[in-house]
Amino acid sequence: MSDAKRLDESMKTLEEGITKVKLIMDGYPASMLVTSEEYMRYYDCVYLLCIRPPPHDLSADLLQRYHAVLDESIYFKVLPFLKDKSGTSLLGEFLRVWANYKAMVKCLGGFFLYLDRKCSDQKSSAPLKEVALSCFQNRVCCDLLPKLFDAALLLISLDRREEPIDRSLLQGLSTFFWENGGPQKGTYYYMFEEKLLADTYSCYSRFASEWLLSYSSADYILKVERCLNDEKGRLSRYLYPSSVEKLLQVVHLKLSGETTSQLIEKQKAENLNSTKYQELLSRCSNLSIG
């Protein structure tokens, strides 16, 4: 068999593997689509296509094909499923396509492992995993990120009002935010944290006003104590510890630190026993928020 024909056969065989791998975007596990023997055969195809001297070295063509597979998967298997969605349905669908995309990239990366190493050695391309992440961020996240932030903030708001939510969505989204956003890990996460801090500030300003009108001074302080404990337990389920601490500081400030003078006036109007009130106030002020 001539070299040209052998290269052509290798490219056709590789395309068969790519066709199978793209089915991962439909939810099929890689183990059902590609056997270990097939996996090695596709790796060997890439190897053969990369080691020939010019003009038969097809490394550049393979790299272009890798980019094309990513684009095709995003345009046909990601974006259409996210279009016109919002809220919980958006978060659920986003996490589903992201999981499928990661699984596809992992399998595809095995086929193209030799190309990845060659590009790295020659500094002709970023690592293929980084290329895949960048492609997803640029094609999907740039436009979708504000909607993801809004959907997550809405879920947290519902959770604070003790309405039933699927906290696993927030856990998955928090992990995605931490792992993505650029060369610096956590870029998306810190962007979301900033928005959540602002939202928490507004939310607990409203709660403080509502509760001061609805509860006695003593009941208000007990309400704050319970709220801080609940908030800590709630946020710890889907945020990183550093974020939980920052948010609890905001909650404590809005419910306790900025309401002291109002509580004192309320206590005077209620003619509450001063000693008992001071004990409650001290208890509220000294609550641990770490």
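A: The part to look at is D84, which is found in the loop between helix 5 (79–82) and helix 6 (87–111). Helices here are DSSP runs of H or I with at least four residues, strands are runs of E with at least two, and both are numbered from the N terminus. This is a predicted model, in which local features need pLDDT of at least 70, side-chain atom pairs count only at pLDDT 80 or more, and totals for chains, interfaces and linings use all residues. Residues are numbered from 1 along each chain as its sequence is written, and side-chain values use heavy atoms, with hydrogens and water left out.

D84 is not a glycine, yet its phi is positive, at about 65 degrees. D84 has a relative accessible area of 70%, so it counts as exposed. The cut-offs are under 20% for buried, over 50% for exposed and in between for partly exposed, with a 1.4 Å probe and protein chains only.

E162 also has a positive phi of about 65 degrees and is not a glycine. E162 sits in the loop between helix 8 and helix 9 (167–179). Its relative accessible area is 55%, so E162 is exposed.

E162 takes part in a salt bridge with R226, where the closest N and O atoms are 3.0 Å apart. R226 belongs to helix 11 (residues 217–235) while E162 is in a loop, so this pair ties together parts that are 64 residues apart in sequence. R226 is partly exposed, because its relative accessible area is 44%. A salt bridge is counted when a side-chain nitrogen of Lys or Arg is within 4 Å of a carboxyl oxygen of Asp or Glu. By this rule the model has 17 salt bridges.

Another of them joins the side chains of R167 and D159, at 3.0 Å from N to O. R167 is partly exposed because its relative accessibility is 22%, and D159 is buried because its value is 5%. In helix 11, E231 and R234 are three residues apart, which means that about one helical turn separates them. E231 and R234 form a salt bridge with the closest N and O atoms 2.4 Å apart, and both residues are buried. Through shared partners, salt bridges join D159, R160, R167, E231 and R234 into one network.

K102, K106, K129 and K185 form a positive surface patch. Patch residues have over 30% relative accessible area and no salt bridge; like charges are joined within 9 Å, and nonpolar side chains (Val, Leu, Ile, Met, Phe, Trp, Tyr) within 5 Å. K129 is in helix 8 (residues 128–160) and counts as exposed because its relative accessibility is 61%.

C135 is buried, with a relative accessible area of 8%. For C203, the closest cysteine sulfur is that of C227, at 8.2 Å, again too far for a bond. C203 also counts as buried, at 4% relative accessibility.

Technical notes: Areas by Shrake-Rupley, 256 points an atom, 1.4 Å probe, with all protein chains shown as cover. Lys, Arg positive; Asp, Glu negative; His and termini not counted. Charge placed at Lys NZ, Arg CZ, Asp CG, Glu CD. Disulfide = S-S within 2.5 Å.
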